[in-house]
Every structure is written in C-alpha cells, then in structure tokens.
Amino acid sequence: MVEAEARQRGRRLNVSETVLDAISRALRLDPDERAHLFQLAKPTAGRPRRTATRPQPVRPGLRDLLRTLEHTPALVLGRRLDVLASNQMARALLTDFDALPHRERNLVRFMFCDENARSLYTHWDTHAQDIVASLRRDAGRHPHDPLLAELVGELSITDEDFRSWWADQNVYRHTHGSKHFHHPIVGPLTLHYESLTLPADPDQRLSVYTAEAGSSSEEALRLLAAWIRQPETSHGQHADH
C-alpha cells in the first residue's frame, strides 16, 4: 500500500517531511510503514547506488556471545534476513545453517524452500507473512540490492504464497513477540523472541529465543540442549532439522 501510494506521486519523490507526515496520517500508517514511506521518498542523485554484495562480517565478540548461550537459541541476521551466525541451539531448533551453502543461509529461503519449516512452525502462515513483510522493509532500506532482487524474483516464481504476500506490500519490523513450534525431537514449544539491532551495525540484529520460566517449553529447551550434547552419530536424520 505504501509503495503504491508513493508511485502515484511520481517515480522520484522529492517532497517535504510535512507533506509526508500528512500522507502518513491520511493513510493511518503505523511507525514502520511511515518509516518505509520516508525511505521510498528520499531523492536519489544521479545513478542509483547498488548495495554492496560482499558478505557482512560478524564481530568475533558477537560470535563468542552466541557460544555462551548454551541453552538459548540465538542468531545474527543481516540484510535480506541472511543468517550471518547462529549458535548450536538455534541450529537444532530451526536448521543447520552452517551446513548449507552461503547462498542458502537465509531465513526467508528456509521458511519457503525447506519443507520442514511448514511443519516446524505451528502457525506457519502467520510467521511466513511476517517474514515477507520484514523483507519488504529491507527492500525499502536497500532498494538497489541485486541479491535481494534475485531472492524476491526466485521466490515469486517458485512459491505462490510468497508471490501473493509480497504483492500485499506490507512492511513489518521484528522487535519482539512469540513463536509456536512443533519440534520433531522435543515436541511443542512456545518461545518468546527479542530482536535487537546492533549499535555498531544497523544492518545486523541479534535474535534470542527464550521460554517462560517453569514452563513445559523451558523443559523442552533443556531436552534439546541435552540432545545436542549426545554423540553426533546418535542424531541420525534429525540433525538436518
């Protein structure tokens, strides 16, 4: 909706913040949609600057932090929702991102291309739509990112759900909330997540999943941590998920 309104006002917008404020109020945009509108309206001088496609480095101290979270799934997300780093618990909960080719280490690709994702997330439709809206927000911040265009194009061709939800043009920023899982090893979990933008790099954020104290989900996380510590040969087929 935001992008449609922006395009109606010309391909290159150069309007005042007062006008943009009035538009956002008239459209009743939430804070994330308002920020998205402002990003779309920024004038670009000359040729568009393409976003660099080199890998985003993760600071060694941040990797050390992930390793210290032995009982808590945690991962670092970058542009396009690329999974830049993850700890053992996150890989056991979701999938072993480290075992995937770099191109495939992406939360959007996992959500739509990994068959296990649809059974892992209890409310897959809701979480998948949020993921698409989060990617749409990233597209507003990096409109000339060729890897993002490649990702969107690929999924638009191969997945009808993605194509439909991308066309909705919703934007969303993951900051906190809850997700419901049905894990093949430990069963149902309800986990709360906090997604923190890193001060040293606004294009990276740390996402940490926790369970309510004393809950069955907390016990399930303990069981998952214990499963990780078992010999690798005992994991069998479940190691891929």
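**View 1. Helices H8 and H9.** In this predicted model, helix H8 passes helix H9 in a left-handed crossing. The two helices, of which H9 spans residues 146–158, pack at an angle of about 145°, and their axes lie 10 Å apart. On the H8 side the contact is made by Leu135, Asp138 and Ala139, and on the H9 side by Leu148, Leu151 and Val152. Sorted by class, the residues of this contact of H8 with H9 comprise five nonpolar, no polar and one charged.

**View 2. Helices H8 and H10.** The axes of H8 (residues 124–141) and H10 (residues 160–167) come within 9 Å of each other and cross at roughly 55°. The angle of roughly 55° is why H8 is described as oblique to H10. The crossing in which H8 passes H10 is right-handed. From H8, the residues Trp124, Asp125, Ala128, Gln129, Val132, Leu135, Arg136 and Ala139 take part in the contact, where they meet Asp161, Phe162, Trp165, Trp166 and Ala167 of H10. The contact of H8 with H10 has nine nonpolar residues by class, together with one polar and three charged residues.

**View 3. Helices H9 and H10.** The axes of H9 and H10 come within 5 Å, with a crossing angle of roughly 120°. At that angle, H9 is therefore oblique to H10. H9 passes H10 in a left-handed crossing. The residues that meet here are Val152, Leu155, Ser156, Ile157 and Thr158 in H9 and Glu160, Phe162, Arg163 and Trp166 in H10. The contact of H9 with H10 divides by class into five nonpolar, two polar and two charged residues.

**View 4. The largest cavity.** The count of cavities of 30 Å³ or more comes to one, and the largest cavity has a volume of about 130 Å³. Its lining is formed by 14 residues, and those that lie nearest the centre of the cavity are Leu77, Leu107, His174, Lys179 and Tyr209. At least two lining residues each are supplied by strand S1 (74–77), helix H6 (107–113), strand S4 (187–198) and strand S5 (201–210), and S5 gives the most, with three residues. By class, the lining of the largest cavity holds nine nonpolar, three polar and two charged residues.

**View 5. The second largest pocket.** The second largest pocket holds about 820 Å³ of space. It is lined by 33 residues, of which Val83, Leu84, Ala85, Asp98 and Arg105 are the closest to the centre of the pocket. Two or more residues of this lining come from each of helix H4 (60–68), strand S2 (83–86), helix H5 (88–93), H9 and helix H11 (216–228), and S2 gives the most, with four residues. The lining of the second largest pocket divides by class into 12 nonpolar, eight polar and 13 charged residues. Helix H9, one of the elements that contribute to this lining, is the helix whose packing against H8 and H10 is presented in the views above.

Methods
Residues numbered from 1 in each chain as written. Predicted model: local features only at pLDDT ≥ 70, side-chain atom pairs only at ≥ 80, totals over all residues. Heavy atoms only, no water. Axes fitted to C-alpha atoms, helices over the stretch in contact; angles between N-to-C directions. Parallel < 35°, antiparallel > 145°, perpendicular 65-115°, else oblique. Left-handed = near helix turned anticlockwise from the far one by under 90°. Contact = heavy atoms within 4.5 Å. Nonpolar A, V, L, I, M, F, W, Y, C, P; charged D, E, K, R; others polar. 1 Å grid on protein atoms, 1.4 Å probe; cavity = no way out; pocket = protein on both sides within 12 Å on 5 of 7 lines; lining within 4 Å. Points joined across faces, edges and corners; volume = space filled by probe spheres on them.
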